[in-house]
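Reader: Please take me through the terms applied to this model, and set each value against its cut-off before you use the label.

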Amino acid sequence: MQPPKVFESEYRFCLILWKYEPINSTRLAQICREELGWSRTTTYTVIRRLSDRGVVRNENAIVTSLVSKEEIQVAQMEEMLEKTFEGSLPAFVAAFARRQKLSDDEVEEILRIIGE
Amino acid sequence: METVFLELVNRSITAGWFVLAVLLIRAVFRNAPRRIFCVLWGLAALRLICPVSWESVFSLVPSARTFPQEILYTAAPRIQSGVEPVDRAVNPVLLSSLAPTPGGSVNPTQIWSFVLSRVWCAGVFVLLAYALGSYVLLRRRVATATLLEADIRQSDRVRFPFVLGILRPCIYLPYDMDDADRAYVIAHERAHIRRRDHWWKPFGFVLLSVCWFHPLFWAAYGLFCRDLETACDERVIRTMEREERRAYSRALLNCSIRGSRRPGAVSPLAFGEAGVKERVRRVMNYRKPSFWLCLLVLAASAAAVVCLMTDPKPMEAGEVGGSRKEETAAEPMEAGAAGGSRKEEAAVEAEERLSTAPAEGDGFFADGQPLELLFASGAGSWGTRLTLYPDGSFAGSYEDNDNVTGPGYPRGTSYRCDFTGRFGERTPLTATSCSMTLEELDYEEAGREWIQDGVRCFTAEPLGLVGGETFTLYLPETEAEQLDRAFLEWWPDAYRWRMGSQEKLLRYGLCNDGTKQGFFTGR
């Protein structure tokens, strides 16, 4: 069976887990807040998601890992973004930034402008 | 809500003129520092929301109030766009399609304003809900973003860098970014934060949501956001030499193309901001703006502010076309034909303005409220009520009942007339009176008979309004001594005057010059 893939943010979570496991989930959430900046709910959500995928185990509020550092694979950005609802930022953030394919020619032209 | 909506429509039309000027300035002075344009957009927003407005003779705004408040309930709806051809084209259409039918109980303009204001409200709600919803969704999306620095986070669900958060703005970056690119991106986003763009952008969107019906504001908002980006670019590269600007441009490009680190091998699924090429060009061709260019832009902007951020002076009574001419005497410095043609327009306006409506500031309707007049004898059960509006239009009804009964109508007989009409221009006679001509009077033909609820009904003529062509309107300060005795017979305070305890009318009085019948307001 192929080892499960995790995303970059989850990978960083695993790094913390490998360092401190086995660890109480509350304490883990505290560390994640300090090092990753995650809220408690976010940490718990991630723990649940990863345990559904078989990457970690959460029993009696003790969290341990099921996959080692050597085995784990980090998903690449492109694969990630294909799945998520990428792109549309709300108007007041991106403000009608027209997203269209930059053709090879246009990229060439931009490179030319830069190179001049 | 209708009044709020109407006020908003008027304000957005006046602000729209300034927006137009900003668009013009932007198009002409393409190489001016973008910071100036951001300020101009701010002024446009101010123009929209500021309840106080200055009047000046330099104002080029055609009209501060295109849709007068009374259009909501007048019998003769018309607009005052300030642009003669538009008024000429639109007003007859409005009059013919929206004037209330005699006998109808609801003014068509009321129906329209009700519907339109509710539609507007729904639109505002939809847009704000969209903004709020997408903000919440975005916040959730980046919940798993990890800290890089105090106000910078990285997320695997972020493709293009952005700033999020109003009170505690945070920069969100994707994970896979070259260190060099990252440094420039952070500098750019930090510039946004320093300029408080994370406040201005959402604020602008709120304004847009409120004025969503005006197409110019959509363009304004889009360009405003683009100007914010370019202004931040300028701020970051201000002190950079050419080589560094190259690196910055490369960062711009890389950021726009996700999915490939090597720009040479672009995957067919690459996406990018359409404005990237323009931004790169501006960065590479950046030169410190010349003193003279800045001066020109500032001068044009100042002219735009003076001419379009101020309201035109209201017309004086009797000087219907006169003051318009004055306004255009001072020609603005602004580029374009705006100044020249305006003079022509105003002159034509002054000549052609056979205003059929009296100027509103002539003292007979001090607070702009309509007058509720009544013609009746003190004892009888009959009376004609008339609501007279400042523009001379009126609506009302006459009613009389008697006890004549018969088969089918045991409860008596009644006479009724619902009417609308319009008086022409008011010509002052004395300090406290003016004369006006009855120009329109519409009511259902008299004599129609029908039975309703055991009452026999007749349509009748509006008593008090027939038999006369001219009418005289008296202010409450009028001395009763000066007035026609037949007219005073209808005056409710006549007995007091005869006893010597009241000298003045103390009510508005409307005298039918033909029949000497009189309408009066309450005290």
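Author: A residue counts as buried if 20 or more other C-beta atoms, placed from the backbone, lie within 10 Å of its own, as exposed if there are 12 or fewer, and as partly exposed in between. On that count, 29% of the 116 residues of chain A are buried. This is a predicted model, in which local features need pLDDT of at least 70 and side-chain atom pairs count only at pLDDT 80 or more, while totals for chains, interfaces and linings use all residues. Residues are numbered from 1 along each chain as its sequence is written, and chains are lettered from A and ligands numbered from 1 in the order in which they are written.

Reader: Why is α6(A) called roughly parallel to α9(B)?

Author: Helix α6 (residues 104-115) of chain A packs on helix α9 (residues 276-284) of chain B at about 10 degrees, with the axes 9 Å apart; the axes are lines fitted to C-alpha atoms, for helices over the stretch in contact, and angles run from 0 to 180 degrees between N-to-C directions. Angles under 35 degrees count as roughly parallel, over 145 as roughly antiparallel, 65 to 115 as roughly perpendicular and the rest as oblique, so α6(A) and α9(B) are roughly parallel. The residues in this contact include Ile110(A) and Ile113(A) from α6(A) and Val280(B) and Arg281(B) from α9(B). By class, six residues of the contact are nonpolar, none is polar and four are charged.

Reader: What makes α1(B) and α2(B) roughly antiparallel?

Author: Helix α1 (residues 2-28) of chain B and helix α2 (residues 34-49) of chain B cross at about 170 degrees, with axes 8 Å apart, and the two are therefore roughly antiparallel. Among the residues that meet are Phe18(B) and Val22(B) in α1(B) and Trp41(B) and Ala44(B) in α2(B).

Reader: How do you know that β2 and β4 of chain B pair?

Author: Two strands pair if DSSP finds at least two bridges between them. Strand β2 (residues 152-155) and strand β4 (residues 170-174) of chain B share four bridges in the parallel sense, and Gln154(B) has Leu173(B) as its bridge partner in β4(B). They belong to an open, mixed sheet of four strands with the order β1-β2-β4-β3 in chain B.

Reader: Why are β1 and β3 of chain B said to stand at the edges?

Author: Each has a single partner strand, so one side of β1 (146-149) and of β3 (162-164) has no neighbour in the sheet. Helix α5 (residues 179-194) of chain B lies across β2, β3 and β4, at about 155 degrees to β4(B).

Reader: What makes a group of residues a nonpolar core?

Author: The term covers buried Ala, Val, Leu, Ile, Met, Phe, Trp, Tyr and Cys residues joined through C-beta atoms within 7 Å. The largest such core has 60 residues, of which Phe18(B), Val22(B), Trp41(B), Ala44(B), Ala304(B) and Leu308(B) touch the most other members. Helix α7 (residues 215-237) of chain B contributes the most, with 10 residues.

Definitions and conventions. Two residues are in contact if their C-beta atoms, placed from the backbone, lie within 7 Å. Ala, Val, Leu, Ile, Met, Phe, Trp, Tyr, Cys and Pro count as nonpolar, Asp, Glu, Lys and Arg as charged, and the others, Gly among them, as polar.
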